[in-house]
Structure formats: structure tokens, C-alpha cells
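Open the model in your viewer and keep the selection tool handy. We will stop at a few places and look at what is there.

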Amino acid sequence: MSQRPPLVDPHVHLWDLAHIRYPWLTGPFDTDNPNGSVERIAVDYPLDAYLADAQQWDVRGIVHIDAGADPADALRETQWLQAMADARGMPSGIVAFAALDDPQVETLLSAHVEHANVRGIRHIINWHPDSARSYSSADVTTSSAWMRGFGLLKKFGLSFDLQAYPGQFVHLAELIAKHPDTQVILNHTGMAIPGDADGWETWRRGMAALAALPNVAVKISGMGFTWRPWDVDQARAYVLETIELFGTDRAMFASNFPTDKLFGSFDTHFDAYDAITANFGAEERAALFGGNANRIYRLGLTL
């Protein structure tokens, strides 16, 4: 197998449950949601726990993605992470939470960017007709308030982490195309739902619409959102088709830990990505495992 390149993990969650409120990690727990029961990961996950999970890899940097804190704690999460970065050197980048449809969103964006490691914003916007899959009761991305909030990101030099479902991608691509200077990073391989009618084709059409925009990149992670359980043979075509659509310069492997721990160990995921790309060139693998994340999130790391 090819030599493993340095890793910059662009999708990590850390939490201290006594310090910040996380409603989704607070019982009672059920299985009627996109993750299944999260009880197993509803424990503190500090930086050292992540580094222990990733110990087989040469981790040069991580990007922390908003971890589903209570919206009232969004700025507190950023402050906690920046203090950690100042003391430990990680997280190398921070993608903070802001509800883009909030009338006061500009005030929160302004406060987030006062912190040196903040690079972007995530507002989870997955909407699906099946309420068990939806993260919200309506598709907020079609509202004028949300579109206005998205348009503010450029003012603050912020990227946007896009977590949505394939059925939303075509209309989101139309909006993103109007903001070519805002970097967008699609989460979790586009979260295909093979069980939907025309599920794979909906994913392909939506992914192609996003990939056609040069300011959109993709993170390959979240295999367990599509299959539970999953294995490398299932994932191979999913991963390779995603890379083919976006190219090796706009795709990156991510752990989504500890959430993806629900679907397998760190090594289960990264050994699969390693095996799937074993025949790629060394430069392509270096980009997929670290270089693209370093560049797209503007981390300035030496790899």
C-alpha cells in the first residue's frame, strides 16, 4: 500500500459537556434520527481523545466544525476552542455556528471573526420530507432571510460548510453561483440516501450541480449516514465518484469524529480511504489527505 501522507483532518468535533450545552447529546436518546442513537458518544471528547483515536496517522492539523451546541452557546464554543488553539496549537481552524436566517446574524458573525482561528460558518440545513431524516421542520434555504445571511459571509471573509441533502443541492447551487467569492465546503460526501426513490440519481444530479461551481469543495466522510453497517467495498464507488466529480484538488478526506465513531473506528474509516486511493499518485493522495484542507481552510500549515 502507498505511504500514508500527512493528515489535516478538516472535520472534527470536540466537546466538554460540563462547559457547553449540546441538546443532541443530552438524553433521553432515541434511534429516530439521522445518526441513530448517539448515547455512546455522549461523553466528553477532548483533543487528547481525538489524537488517541488518530494515533496511526501523522496529524498535522485539524479543523473544528460546530458541534451542535445550543445556539445560545455558539460564541462560547468559539471562545473555548480559540483558547485551546492558543495553548495547544489545535484546532488549526474553527468553523463556528451561526443561523443564517437569524435577523441578528451579522452581530454574531462579527463576534466570531474576532477569534484568530475562525475560518467559516456552518448552519446545518438538512431538510427531507421524512421527518426522521430532517434536521429542521422546513427548508430554510429557500427563505429570503437565509439567502441574505449567506450573502453576508463574504463581508467577513468566511467560508460556508454546507450540510444538506441531495434534494436541496440544485437550488442551493443556484444561490452559491451568485456568490462566487464565498468558498463552500460540502459535508459528508453529499449525504446520499440510496433508499429514496431515485436516490442515487438525485445525489448524482445534485453533486454535479455543485461540482460545476469552482468555489465548491467536498469532504469525504459520513459513510454511516448512507449505509449502516458499511464496508470498504460499498464505499469504493461512492468515494471514487465523488472524487471524479470534484477532482483531486477539491476533495478531502475527513473523520467527522467522534460522530463517525458510531459507524466504525478512526482506522476503519481512514484505512478504507487509504485503500480506495492506493493507486492514486503521491501528489494526489497528499492533496486528498492534507493539502486541500490546508489550502481551502487557509490554515497556513507546513506539510
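Start by selecting helix H3, residues 105-112, in this predicted model. Which residues of H3 are buried? Show the side chains of Val105, Leu109 and His112, and you have them. These three span an arc of only 60° around the axis, so they lie on the same side of H3. As a reminder, an α-helix has 3.6 residues a turn, so residues three or four places apart point the same way.

Now bring in what covers those buried residues: the cover includes H2, strand S3, strand S4 (118-122) and helix H4 (144-152).

Next, select strand S2, residues 59-65. Six of its seven residues are buried, so S2 is largely enclosed by the rest of the structure.

Look to one partner of S2: strand S1 (residues 7-12) runs parallel to S2, and four bridges join them. To find your place, pick Val12, which stands opposite His64 in S2. Then follow the chain from S1 through helix H1 (residues 47-53) to S2; this β-α-β crossover is right-handed.

Another partner of S2 is strand S3, residues 93-97. Here three bridges join the strands, and again they run parallel. Which residue of S3 is the bridge partner of Val63? Select Gly93 to see that partner.

For the last stop, trace the chain from S2 through helix H2 (residues 74-88) to S3: this β-α-β crossover is right-handed.

Notes:
Residues are numbered from 1 along each chain as its sequence is written. This is a predicted model: local features need pLDDT of at least 70, side-chain atom pairs count only at pLDDT 80 or more; totals for chains, interfaces and linings use all residues. Side-chain values use heavy atoms; hydrogens and water are left out. Buried means under 20% relative accessible area, exposed over 50%, partly exposed in between (1.4 Å probe, protein chains only). Helices (H or I, at least four residues) and strands (E, at least two) are DSSP runs, numbered from the N terminus. Two strands pair if DSSP finds at least two bridges between them. A crossover is right-handed if, with the strands pointing away from the viewer, the path from the first strand over the helix to the second runs clockwise. The arc is that of the directions from the helix axis to the C-beta atoms. Contact means heavy atoms within 4.5 Å.
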